[in-house]
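Me: I have a protein model open beside its sequence, and I would like to learn how to read it. Could you walk me through it, feature by feature?

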Amino acid sequence: MSSAPASPRPARLPASAGEGPPLTPTGLPAAAADLVLLRRCAGCGRHGPELCPACLDELAAAPRRCGPRRTPGCPPCWTLTGYGGTGRSVVLALKERGRHRLAAPMGRALAHAVRAALAATGASAPAEPGRPPRRAAGVATVRLVPVPPRLGARLRRGYDPVGAMAAEAARALSADGRTAMAAPALRHRRPGRDQVGLDARARHANLHGALAVRGRWRARLAGRPVLLVDDVATSGATLAEAARALRAAGADVRAAITFAVA
Ligand SMILES: [Zn+2]
């Protein structure tokens, strides 16, 4: 997959000192050209923000339970959307087209699925209605554990899309008055094959024992409720392996939250 930016940037003409910002061949300052000419919604393709309000609303409107899936050990899963149409376009733009800025609106959308899971699992109490955001005593911290990218994918992309989404979701939940944090606690123990094209049994065999909790996180997660975060749920094998590793470290895996379900 290419890690090149989704939209080619116009060649910028050199600007002389003191003449203001560099101009594009259209005569627009470069930053304005980015905004006006190049940036398109990753969902619908219209000119505008990374994810336009209509697409954001469509994705965030109806978080739903989507599991457990076929794989034993996969925690109950909540998701925002199916892996088609807008959901697929947005996930692919974040992961494969270099549009790392999408992590912010996607993380805010993901927070809606986290809230649905929290309400169903009791992993954390919400802020009291009508009260200003505050950090209520006794409210469990929401720990969002992103499924880590394989090293090759991380190097190819230059960023961690799921980790960035989890961090943004934690920020959105903190604005509710919850105590929320991203907990990038998992690591790959071996390279592993790409899961694409493998059936459920082959995915399980490929993944079993592939993930572990980083040493510095073990004490911080032992006995604590955690929520897994990933971009797309397919067979549930990756989520099951992530849950296995977290449970082996003593964490209480309440649910998995994914942006989309295939
Ligand atoms: Zn849109």
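This is a predicted model: local features need pLDDT of at least 70, side-chain atom pairs count only at pLDDT 80 or more; totals for chains, interfaces and linings use all residues.

Me: How do strands 3 and 4 pair, in the parallel or the antiparallel sense?

Reply: Strands of a sheet pair through backbone hydrogen bonds, in either a parallel or an antiparallel sense. Here, strand 3 and strand 4 (residues 180-182) are parallel, with three bridges between them. Strand 3 is also joined to strand 7 (residues 225-233) by three bridges, and these two run parallel. Within that pairing, Leu-144 sits opposite Leu-227.

Me: In what order do the strands of the sheet come?

Reply: The order is 1-2-8-7-3-4, in an open sheet of six strands with mixed pairing. Strand 1 and strand 4 are at the edges, each with a single partner strand, so one side of each has no neighbour in the sheet. Arg-65 stands opposite Trp-78 of strand 2.

Me: Which way do the side chains of strand 3 point?

Reply: In a regular strand, side chains alternate between the two faces of the sheet. In strand 3, Val-142, Leu-144 and Pro-146 point one way, while Arg-143 and Val-145 point the other way. Both groups are buried, and five of the five residues in strand 3 (residues 142-146) are counted as such.

Me: Which helices lie across the sheet strands?

Reply: Helix 3 (residues 85-96) lies across strand 2, strand 7 and strand 8, at about 105° to strand 8. Helix 9 (residues 237-248) lies across strand 2, strand 3, strand 7 and strand 8, at about 160° to strand 7.

Me: How should I describe two helices that pack together, such as helix 4 and helix 6?

Reply: Two packed helices are described by the angle between their axes and the distance between those axes. For helix 4 (residues 103-121) and helix 6, the angle is about 60° and the axes are 7 Å apart. That angle makes helix 4 oblique to helix 6. Residues making the contact include Ala-103, Gly-107 and Leu-110 of helix 4, and Ala-164, Glu-168 and Leu-173 of helix 6. The crossing of the two helices is right-handed.

Me: What else can I read from helix 6?

Reply: Look at its span: helix 6 (residues 161-175) has 15 residues and reaches 21 Å from first C-alpha to last, close to the 21 Å expected. Its buried residues include Pro-161, Met-165, Glu-168 and Leu-173. After helix 6 comes Gly-177, which has a positive phi, near 105°.

Me: Is Gly-73 buried or partly exposed?

Reply: Gly-73 is partly exposed, because it has 17 C-beta neighbours inside 10 Å, and a buried residue needs 20 or more. Gly-73 is in the loop between strand 1 (64-65) and strand 2 (77-82). Its C-alpha lies 4.9 Å from that of Ala-240, although the two are 167 residues apart along the chain. Beyond neighbours within four places in sequence, Gly-73 is in contact with Ala-240, Ala-243 and Arg-244.

Me: How many helices and strands does the protein chain have?

Reply: The protein chain has nine helices and eight strands. Buried residues make up 40% of its 262 residues. Among contacts with a separation of 6 or more, 70% are between residues 24 or more positions apart.

Terms used
Residues are numbered from 1 along each chain as its sequence is written. Helices (H or I, at least four residues) and strands (E, at least two) are DSSP runs, numbered from the N terminus. A residue is buried if 20 or more other C-beta atoms lie within 10 Å of its own, exposed if 12 or fewer, and partly exposed in between; C-beta atoms are placed from the backbone. Two residues are in contact if their C-beta atoms, placed from the backbone, lie within 7 Å. The expected span of a helix is 1.5 Å times one less than its number of residues. Two strands pair if DSSP finds at least two bridges between them. Axes are lines fitted to C-alpha atoms, for helices over the stretch in contact, and angles run from 0 to 180 degrees between N-to-C directions. Angles under 35 degrees count as roughly parallel, over 145 as roughly antiparallel, 65 to 115 as roughly perpendicular and the rest as oblique. A crossing is left-handed if the near helix is turned anticlockwise from the far one by less than a right angle, and right-handed if clockwise.
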